[in-house]
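Here is a short briefing on a structure. Read the points below alongside the model.

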Amino acid sequence: MSKSQPTLAEIRKWPATVSVTDAARAIGCSRSHLYERVKRGDSPVKTIGVGTRHVVITADLIRLLSGEVNEAA
């Protein structure tokens, strides 16, 4: 994935999960900020723990960037 901030259309083509780094770039925050939010349990996007790392669910990232309300929150 490129280093510039991706468009919503580009994000819709991403795999089912992406790294916290890519999700942070899409949201427009730093990787460390998003990791801290994940650690505190108040991340704006759903994550899945995979071993010692986390991945972000792309569908939830799209929901956030589209301005959709998360009914589960």
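Buried means under 20% relative accessible area, exposed means over 50%, and partly exposed lies in between. With 16% relative accessibility, D22 therefore counts as buried. The model is predicted.

**The hairpin**

- Strand β2 covers residues 47-50, and strand β3 covers residues 53-57.
- Four bridges join β2 and β3, in the antiparallel sense.
- Within this pairing, T47 stands opposite V56 in β3.
- Two residues lie between β2 and β3 in the hairpin.
- G51 sits in the turn and has a positive phi of about 65 degrees.

**T58 in helix α4**

- T58 lies in helix α4.
- Is T58 buried or exposed? T58 is buried, because its relative accessible area is 4% and the cut-off for buried is under 20%.
- Which residues does T58 contact, leaving aside its neighbours within four places in sequence? The contacts are I11, W14, P15, A16, T17 and V18.

- The side chains of D22 and R25 meet in a salt bridge, at 2.8 Å from N to O.
- D22 and R25 are three residues apart in helix α2, so about one helical turn separates them.
- D22 is buried, at 16% relative accessibility.
- R25 is buried too, at 16% relative accessibility.

**The network around D42**

- Which residues are linked in a network of salt bridges? They are R37, R40 and D42.
- The side chains of D42 and R37 meet at 3.1 Å, N to O.
- D42 also forms a salt bridge with R40, where the closest N and O atoms are 3.2 Å apart.
- D42 has a relative accessible area of 33%, so it counts as partly exposed.
- R37 has a relative accessible area of 24%, so R37 is partly exposed as well.

**Y35 in helix α3**

- Y35 is found in helix α3, which spans residues 31-40.
- Y35 counts as partly exposed because its relative accessibility is 30%, a value that falls between the cut-offs of 20% and 50%.
- How far apart are Y35 and V20 in sequence, and what is their C-alpha to C-alpha distance? Y35 and V20 are 15 residues apart in sequence and 7.0 Å apart in space.

Definitions and conventions: Residues are numbered from 1 along each chain as its sequence is written. This is a predicted model: local features need pLDDT of at least 70, side-chain atom pairs count only at pLDDT 80 or more; totals for chains, interfaces and linings use all residues. Side-chain values use heavy atoms; hydrogens and water are left out. Buried means under 20% relative accessible area, exposed over 50%, partly exposed in between (1.4 Å probe, protein chains only). Two strands pair if DSSP finds at least two bridges between them. Contact means heavy atoms within 4.5 Å. A salt bridge is a side-chain nitrogen of Lys or Arg within 4 Å of a carboxyl oxygen of Asp or Glu.
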